[in-house]
Amino acid sequence: MVKEAMRDAYGEVLLELGKERPDIVVLDADVSKSTKTVGFAKNFPERFFDVGIAEANLMGIAAGIASTGKTVFVSTFTVFASGRAYDQVRQSIVYPERNVKIVATHSSITAGEDGAMHQSFEDIALMRTIPYMRVISPCDGVETRAVIRKIASIPGPFYVRLARPPIPVILNDSYQFELGKGVVLRDGVDGVIISCGIMTHIALEVANILSNEGIDLGVVNMSSIKPIDRDLIEALAYRYRYLISCEDHNIIGGLGSAILEALPYMNSRLIRIGIEDTFGDSGRFEELLEYYKLDPLSITYKIKEVMVSDRV
Amino acid sequence: MNYSLDELKEIAKRVRYNALYMITKAGSGHPGGSLSSADVLVTLYFHTMRYDVENPYWEDRDRFILSKGHACPTLYAIFYELGIIRREELDTLRKPGSRLQGHPDIKRLPWAEFSSGSLGQGLSFAVGVALGGKIDRRDYYTFVMIGDGESQEGQVWEAAMAARKFGLDHLIAITDRNGLQIDGLTEDVMPVDPLAEKWKAFGWNVIEIDGHNFSQIIEALEKAKTFRGAPTMIIAHTIKGKGISFMENIVDFHGKAPNSKEWERITIELGGELNG
């Protein structure tokens with residue numbers, strides 16, 4: 001299985017865009033080696049600005065540069081981009097609809113050993129409640145490339161959350177990202193897992209495990225969390241008895257919440273899998289998946305538990 | 001623009017009148033800081049800055065960012081002088097749907113450059129605007145006014161560091177040093193002094209002036225424009241409520257609208273109705 005880190009894919013595509021588009025400017029706040037904006041920095045020093053450890057200022061400067069006609073990519077970790085600089089994102093960037101793409105890395109538990117202070121389980125919630133903000137959580141390196149290319153050509157603000165570690169590549173190179181569209185990766189009969197980010201490859205594993213046990217689940221990659229694919233969600237709700245949201249984010253305000261808001265009525269049952277309203281912890285990413293019961297086996301148990309209790 | 005000092009004074013008087021007219025009509029707003037900043041803003045728009053009223057998106061225009069957004073009635077009164085705002089709009093300050101929102105809104109008034117209101121953000125934005133100009137080798141100037149109370153926001157100093165690092169000599173900031181904020185004297189609430197030394201320590205060119213003396217304002221802005229290698233901070237010592245006797249240095253008029261009796265006095269002090 002080929003693995004790739006989303007942030008590496010981001011660094012690569014940013015470099016390509018830098019060559020193609022002189023209007024692209026990149027900003028970072030002293031984490032360019034981690035967010036992978038460093039490649040762009042080395043090749044286009046006149047269009048790269050490191051503002052130091054000052055995330056509020058980072059967002060304000062990005063808005064100002066964007067106002068002069070540039071397409072600005074801004075990177076830091078998700079916890080700082082969405083939390084520490086929330087007011088600047090809201091007031092300086094999104095309200096005036098500035099052409100700023102916030103691409104934040106080290107999402108959720110993928111910040112790993114750095115622990116709770118570096119892990120944001122709230123970033124999707126924070127960003128998607130800002131009117132007009134668009135929120136995307138790609139599922140692998142291939143989708144990251146497609147997303148970054150796509151948003152570079154759509155004016156206005158975006159928030160993209162990327163994971164730190166290498167994760168399995170599940171989409172093929174011809175994949176095209178479409179804003180506001182979910183992608184059916186697998187058809188099922190009994191229910192469908194709707195996932196985003198690193199949870200999509202785990203959802204596919206869950207579906208594989210359960211198919212051996214006679215439960216046939218579909219999998220939908222819902223990387224575009226806002227705008228969300230309302231038509232697809234409605235169609236899935238018609239078709240499946242069980243909708244299963246799957247995210248490495250607080251179950252309050254994340255993908256599961258966005259799905260609920262998109263449903264015109266509740267026909268099927270929604271099983272929400274995510275972080276159960278708590279803070280992070282230190283550990284390797286794989287350890288933390290188990291710790292928060294987001295690993296394939298834990299999710300499998302939870303889905304079976306609900307389905308079995310429904311039958312009784 | 002070539003206005004004489006006397007003409008600038010007359011414009012400033014009308015601007016004060018109309019700013020207070022709007023606030024009185026609205027029944028809320030911030031007269032104190034609107035009045036303290038008026039003379040600097042009038043000088044910028046009627047003497048120093050290069051712009052085209054017809055084209056607020058002109059790429060080579062000088063920009064002015066009012067980071068202390070609550071002083072926007074003064075900005076709106078200037079826009080009225082420039083013909084951007086119509087007479088009847090003066091009656092719509094702070095009303096739903098109005099272009100004259102409680103804080104500047106660039107989606108409705110692009111001439112305002114920045115939707116300010118959350119204090120501390122304007123200087124960072126201005127740094128970005130100046131950087132954008134530097135990347136494209138444009139020669140426009142970016143002017144930004146911050147409040148002295150606003151200087152308590154940490155983000156101001158993040159931006160101060162960045163402006164120096166990037167050598168933004170086409171960035172000119174002005175502090176409206178009126179000494180008062182909502183809860184009282186700045187030096188009681190949270191001291192900002194020694195303000196000039198702070199900016200000097202951050203590597204800025206610092207000029208201190210009387211912010212109600214037009215010759216000093218003009219001279220400081222011209223000096224700032226020709227200074228090279230670092231951004232300039234003009235600390236304009238001003239009087240909160242300047243121009244209306246019973247408002248000067250009265251902290252309550254930070255955010256309190258004049259009542260009808262007070263409005264009569266204002267009209268008399270400024271010499272009659274000035275927006276006919």
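**Sheet in chain A.** I began with the open sheet of chain A, where 5 strands run in the order β9-β11-β10-β13-β14 with mixed pairing. Next I looked up the edges: β9 (183-186) and β14 (269-275) of chain A each have a single partner strand, so one side of each is left without a neighbour in the sheet. From one strand to the next, the twist averages 25°. A reminder to myself that this is a predicted model.

**One strand pair.** I then followed strand β13 (residues 242-250) of chain A, which pairs with β14(A) in the parallel sense over 6 bridges. Asn250(A) turned up opposite Ile275(A), a residue of β14(A).

**Ile202(A).** My next stop was helix α9 (residues 199-211) of chain A, which holds Ile202(A). Is Ile202(A) buried or exposed? I counted 25 other C-beta atoms within 10 Å, and because 20 or more is the cut-off, Ile202(A) is buried. Leaving aside neighbours within four places in sequence, I found Ile202(A) in contact with Leu294(A), Pro296(A) and Ile299(A). I also checked Ser282(A), 80 residues from Ile202(A) along the chain, and their C-alpha atoms are separated by 21 Å.

**Where chain A meets chain B.** Last, I turned to the contact between the chains, which takes 23 residues from chain A and 19 residues from chain B. On the side of chain A that touches chain B, α4 (55-66) and α6 (86-94) of chain A each supply at least two residues. Which element gives the largest share of that side? My notes say α4(A), with 8 residues. Sorted by class, this side of chain A has 11 nonpolar, 8 polar and 4 charged residues.

Methods: Residues numbered from 1 in each chain as written. Chains lettered and ligands numbered in written order. Predicted model: local features only at pLDDT ≥ 70, side-chain atom pairs only at ≥ 80, totals over all residues. Helix = DSSP H or I, 4+ residues; strand = E, 2+ residues; numbered from the N terminus. Buried ≥ 20, exposed ≤ 12 C-beta atoms within 10 Å, placed from the backbone. Contact = placed C-beta atoms within 7 Å. Pairing = 2+ DSSP bridges. Axes fitted to C-alpha atoms, helices over the stretch in contact; angles between N-to-C directions. Nonpolar A, V, L, I, M, F, W, Y, C, P; charged D, E, K, R; others polar.
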